[in-house]
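Reader: I am new to this structure and would like to learn how to read it. Please show it first, and then take me through some features.

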Amino acid sequence: MELLAFGDTGWGDELFRATLMTIAVSITAMIIGFSFAAIFTPLKLSKYKSLNLVANIYTTVIRGVPELLVIYLFFFGGSGAIMFVASMFGYNDYIEINAFVTGSFAIGIISGAYSTEVFRGAIQSIDKGQFEAAKVLGLSKFIQFYKIIFPQMLRLAIPNLSNVWQITLKDTSLISVTGLVEIMRQSYIAAGSTRDPLFFYSFAAVLYLLLTFLSMKLINKLEVKYSRGY
Amino acid sequence: MDFELMVASFPKLLNAALITLKLLSVSLIIGLFIGLLFAILRLNKNIFINKFAYGYSYLFRGTPLLVQIFIIYFGLGQIEYLRSTVLWTVLKEPYWCAIIAFALNTGAYTSEILRSAFQTIKPGIIEAGKSLGIPNKIIFYKIQIPIAIRQSLPAYGNEIILMMKGTSLASTVTIMDLTGVAKYIISTTFKPIEVFIIAGGIYLFMTFIIHNVIKFLEKKYSFNS
Amino acid sequence: MNIFKKSIFSVLLSLLIIGNVYADKIRIGTEGAYPPWNSKDESGKLIGFEIELAYTLCRYIGQQCTVVEQDWDGMIPALIMRKFDAIMAGMSITAERQKAINFSQGYADEVASLAVMKGSSLEGLDTPAGINLTKPNADAKKALKTLTAALAGKTVCVQTATIHQNFLDSGDVGKVNVRTYKTQDEVNLDLASGRCDAALAAAVAFNDYAEKSGKPVVLTGPTFSGGAFGNGVGVGIRKDDTELLKKFNAAINKARKNGDISRIAIKWFGFDASM
């Protein structure tokens with residue numbers, strides 16, 4: 001137990017910070033994932049086949065290739081890709097990216113593919129009558145979406161989004177290649193230094209279980225809130 | 001883009017894909033039995049058995065597969081006592097450590113899939129069986145299980161694909177599966193993008209095959225025939 | 001731009017602003033997991049022979065530098081990707097690596113050796129104390145024959161993407177069951193647990209492990225240098241960074257003349273490993 005002490009003698013404080021990092025990366029990745037979903041879900045539901053294809057390639061490739069490969073590919077090729085994307089917006093200088101951004105983006109891309117599927121499924125299960133009624137009310141397309149369709153989509157999506165959250169949270173264990181010190185990497189370091197892998201990896205499992213448990217409690221509260229009136 | 005490298009590494013990666021498939025199939029078969037067992041345990045009336053099965057499922061679904069593999073491979077390898085028992089002949093090999101981790105992991109997810117399939121079987125079917133005088137055991141084995149398996153096909157197909165991606169973690173414990181060989185080629189040629197395109201392509205192809213086989217099975221065993 | 005493009009751009013931009021930009025500092029990448037070359041202390045700070053040497057060299061260059069941690073298998077791609085500007089991670093100068101990056105002159109040498117657990121059948125092999133594989137003489141060739149016979153069918157563990165792996169793959173010791181691991185730590189763990197019949201790495205790495213863990217690890221066979229094992233350890237620099245290469249070479253010359261390298265080497269290795 002002294003191994004877990006806070007301060008210089010034990011690994012407690014490092015592991016605590018690593019847990020915060022895991023949470024930070026997971027949340028950032030989810031948000032980045034939502035941004036991707038915001039682009040690709042409409043593409044998937046569009047009436048233009050070519051746009052459908054682009055979105056389908058994204059979700060199929062990212063969900064069909066192991067996360068390790070996506071992360072490696074992103075880490076090794078991502079810097080160039082980001083610079084390429086930025087140059088589209090007119091920013092041509094060399095870009096420096098730190099490990100947190102790289103890691104969150106890598107997981108975010110993966111998370112986004114799953115989120116895209118979830119949102120697509122949710123929108124497709126909203127009763128068609130809702131769309132018609134919204135149109136009939138004469139509101140602008142924007143308000144139609146935000147005030148009528150979006151809240152309903154969220155309610156339907158929350159159970160599956162909680163699965164995406166679990167996947168994202170566990171995927172953060174794979175980004176040690178970017179050097180980011182989250183739970184898995186810190187346990188790895190501690191295990192190597194103390195030559196006690198059993199203790200530290202088991203403790204890492206406990207930490208992840210704790211995060212899973214707390215997430216479930218929070219998400220249940222969210223579900224209740226969004227199901228009000230149903 | 002180094003096409004020469006892509007062509008040269010293709011056969012090596014294809015060979016490694018066979019190892020991936022071997023890992024996948026063995027893990028799935030063992031995992032299916034584990035899943036069936038724990039799904040049944042979960043439906044048991046006894047609260048201790050119920051909670052125990054739930055605990056197993058929660059443990060393996062709530063922690064990353066990477067942690068599970070590391071505990072089994074490095075963690076168990078550390079225990080001096082284990083090394084002197086007959087278990088060591090199994091745990092010594094990275095291949096078996098990986099299979100154990102994968103099987104336990106997929107077993108947990110499979111048990112959830114099967115459990116929910118069992119619970120959504122229309123009670124009418126079981127009642128019909130009982131009214132025909134069929135003993136409970138036979139109802140279970142000849143009616144409930146086949147129906148549950150049929151209903152689980154979509155979700156289980158998903159699980160197969162998730163497990164195939166999971167096998168890539170075998171590369172973290174020295175196994176030269178598709179991902180392991182890909183990493184090796186990259187470390188000697190320093191050309192990550194070309195290699196990952198081929199390796200990723202092979203994974204996608206396997207996903208495609210699995211997806212279509214499951215779709216075919218779904219159609220074949222659907223109730224609308 | 002529609003609202004989606006705008007929001008993505010602003011997210012990207014803000015993330016990049018959070019990202020660190022080191023202008024005049026030289027960033028040096030190291031593994032932090034290969035004692036006594038480079039490792040971490042209890043508080044996670046990077047320490048070791050190369051970290052101390054790095055700061056010394058930067059003093060001679062006249063610029064500030066920071067040492068950045070990087071996993072070994074991503075070391076060269078990370079350099080090329082500009083995550084840092086130089087590699088000082090016990091990386092030996094080999095022809096293969098020189099295809100992708102440049103190396104400064106060597107600053108230290110490491111000899112490799114096989115290691116086994118005490119009591120292993122491979123202990124006490126009858127070979128000369130050290131062999132050089134660049135121009136193998138009769139002794140060296142005989143030693144390789146002895147090793148081939150001894151290691152036939154055995155499992156030897158190495159860290160991935162190292163000269164040690166290259167040597168085993170070269171066939172110089174015949175058909176061996178090679179197992180590769182992400183870090184030297186993992187190699188040590190599996191050697192100690194009996195999963196490996198033997199392991200191959202820098203002799204000092206095994207000595208360090210034996211000392212710190214108290215496990216009965218013993219070196220066996222000859223020490224290796226040259227050939228697949230490269231020509232000493234140097235600073236890895238991107239091919240287009242010719243200025244930085246000149247600076248490092250000049251600094252290494254000064255550090256060697258002033259005896260810095262020898263001093264730091266004796267401190268960390270217990271003997272003068274400088275070149």
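Reader: What is the mean pLDDT of chain C?

Author: pLDDT is the predictor's confidence in each residue, from 0 to 100. For chain C the mean is 85, and 92% of its residues reach 70 or more. This is a predicted model, in which local features need pLDDT of at least 70 and side-chain atom pairs count only at pLDDT 80 or more, while totals for chains, interfaces and linings use all residues. Residues are numbered from 1 along each chain as its sequence is written, and chains are lettered from A and ligands numbered from 1 in the order in which they are written.

Reader: How many residues of chain B are in contact with chain A?

Author: Two residues are in contact if their C-beta atoms, placed from the backbone, lie within 7 Å. By that rule 25 residues of chain B meet 24 residues of chain A. On the chain B side, α2 (47-62), α3 (65-78), α8 (136-166) and α10 (192-220) each give two or more residues. The most come from α10(B), with 8 residues.

Reader: How many residues of chain C touch chain B?

Author: There, 16 residues of chain C are in contact with 13 residues of chain B. Among the contributors on the chain C side, each with at least two residues, are α3 (75-80), β10 (177-181) and α7 (184-193).

Reader: At what angle do α8(B) and α10(B) pack?

Author: Axes are lines fitted to C-alpha atoms, for helices over the stretch in contact, and angles run from 0 to 180 degrees between N-to-C directions. Here the angle is about 165 degrees, with the axes of α8(B) and α10(B) 10 Å apart. The two helices are therefore roughly antiparallel (an angle over 145 degrees). Residues of α8(B) in this contact include B:L153 and B:M164, and those of α10(B) include B:M206 and B:E218.

Reader: How many residues of α5 in chain A are buried?

Author: A residue is buried if 20 or more other C-beta atoms, placed from the backbone, lie within 10 Å of its own. Of the 9 residues of α5(A) (residues 128-136), the number buried is 0, so the helix lies largely in the open. Just after α5(A), A:G138 takes a positive phi of about 75 degrees.

Conventions:
Helices (H or I, at least four residues) and strands (E, at least two) are DSSP runs, numbered from the N terminus. Angles under 35 degrees count as roughly parallel, over 145 as roughly antiparallel, 65 to 115 as roughly perpendicular and the rest as oblique. A residue is buried if 20 or more other C-beta atoms lie within 10 Å of its own, exposed if 12 or fewer, and partly exposed in between; C-beta atoms are placed from the backbone.
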